[in-house]
Amino acid sequence: MNMQHSEFKDLKLPIIGGKDCKSVTKIPKHEESFKIGQKISVKALHTPCHTQDSICWLMEDGDEKVVFTGDTLFIGGCGRFFEGTPAEMHTALNKTLATLPDETKVYPGHEYTKQNVKFLTTVLQTEPVRNLQKFAENNQQTQGKFTIGDEKQYNVFMRVDDPAVQKATGKTDPVDVMGKLREMKNQM
């Protein structure tokens, strides 16, 4: 069925999103939930930094959990701080997304894994980083192939308390480490 925008307008469905998104009719509160159909639960997770109205969407269907992270979390990386600060990205990644169940599959808004791996290898030389590098070399798409638990193993932006990451940045405060990592990544 091919419906045009004007046909959707007559359905009176809410358009749910961030405050700066075009045509939005409902802006959910942080951690507000709603259902799609009878089974799929959706939770809004406000993650301001890349943009101030950034929302990640946690979806659950039975035991399956996925998170759509837009421009906040990428496989092995994170978004630029266009409208935000290192403190906001630290909160988004390490206090909001990192608390999701480890088995939650990650679906970022863009495929930047190969570029992110190049940066990761300059900061952290671990088996999880090498495994991600190998996967990225052999696959064009990584969305849905990795989880929050995986990200906590190799994503340096989610490892700001790791002594090796701190050593690479010359910082120890988690927010300072986040800012320095972003600065280093921006220079690549």
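I started at Val-156, which sits in the loop between α5 (148-154) and α6 (163-169). I keep in mind that this is a predicted model.

Is Val-156 buried or exposed? I looked up its relative accessibility and found 0%, so Val-156 counts as buried. The cut-off for buried is under 20%.

Next I asked which residues Val-156 is in contact with, leaving aside its neighbours within four places in sequence. I noted Phe-119, Leu-120, Val-123, Leu-124, Val-165 and Leu-181. I then checked Leu-181 by distance.

**Entry: α3 and α7**

I looked up the axes of α3 (residues 113-123) and α7. They come within 11 Å and cross at roughly 120 degrees. That angle makes α3 oblique to α7. The crossing is right-handed.

Sorted by class, the contact of α3 with α7 has four nonpolar, two polar and one charged residues.

**Entry: α3 and α4**

I stayed with α3 and turned to helix α4 (residues 127-138). The two axes come within 10 Å and cross at roughly 150 degrees. How do α3 and α4 run, parallel or antiparallel? They are roughly antiparallel to each other, because the angle is over 145 degrees. I noted a left-handed crossing for α3 and α4.

On the α3 side, the contact uses Thr-113, Lys-114, Val-117, Leu-120 and Thr-121. On the α4 side, I found Val-129, Leu-132, Gln-133, Ala-136 and Glu-137. By class, I read five nonpolar, three polar and two charged residues for α3 with α4.

**Entry: α2 and α7**

I went back to α7 (residues 174-186) and looked at helix α2 (residues 86-96). Their axes come within 8 Å and cross at roughly 100 degrees. That makes α2 roughly perpendicular to α7. Pro-86, Ala-87, Met-89, His-90, Leu-93 and Asn-94 contribute from α2. Pro-174, Val-175, Met-178 and Gly-179 contribute from α7. How many charged residues does the contact of α2 with α7 have? I found no charged residues, beside seven nonpolar and three polar ones.

**Entry: the sheet**

I left the helices for the strands. What is the strand order in the open sheet of five strands? I wrote down β1-β2-β3-β4-β7, with mixed pairing. The edge strands are β1 (33-36) and β7 (105-108), each pairing on one side only. Neighbouring strands are turned by 25 degrees against each other on average, direction ignored.

I then looked at two pairs. β1 and β2 (residues 40-46) run antiparallel and are joined by four bridges. Phe-34 has Val-42 in β2 as its bridge partner. β1 and β2 form a hairpin with three residues between them. In that turn, Gly-37 has a positive phi of about 65 degrees.

β3 (residues 55-61) and β4 (residues 64-70) also run antiparallel, with five bridges between them. Leu-58 stands opposite Val-67 in β4.

Notes: Residues are numbered from 1 along each chain as its sequence is written. This is a predicted model: local features need pLDDT of at least 70, side-chain atom pairs count only at pLDDT 80 or more; totals for chains, interfaces and linings use all residues. Side-chain values use heavy atoms; hydrogens and water are left out. Axes are lines fitted to C-alpha atoms, for helices over the stretch in contact, and angles run from 0 to 180 degrees between N-to-C directions. Helices (H or I, at least four residues) and strands (E, at least two) are DSSP runs, numbered from the N terminus. Angles under 35 degrees count as roughly parallel, over 145 as roughly antiparallel, 65 to 115 as roughly perpendicular and the rest as oblique. Contact means heavy atoms within 4.5 Å. Ala, Val, Leu, Ile, Met, Phe, Trp, Tyr, Cys and Pro count as nonpolar, Asp, Glu, Lys and Arg as charged, and the others, Gly among them, as polar. Two strands pair if DSSP finds at least two bridges between them. A crossing is left-handed if the near helix is turned anticlockwise from the far one by less than a right angle, and right-handed if clockwise. Buried means under 20% relative accessible area, exposed over 50%, partly exposed in between (1.4 Å probe, protein chains only).
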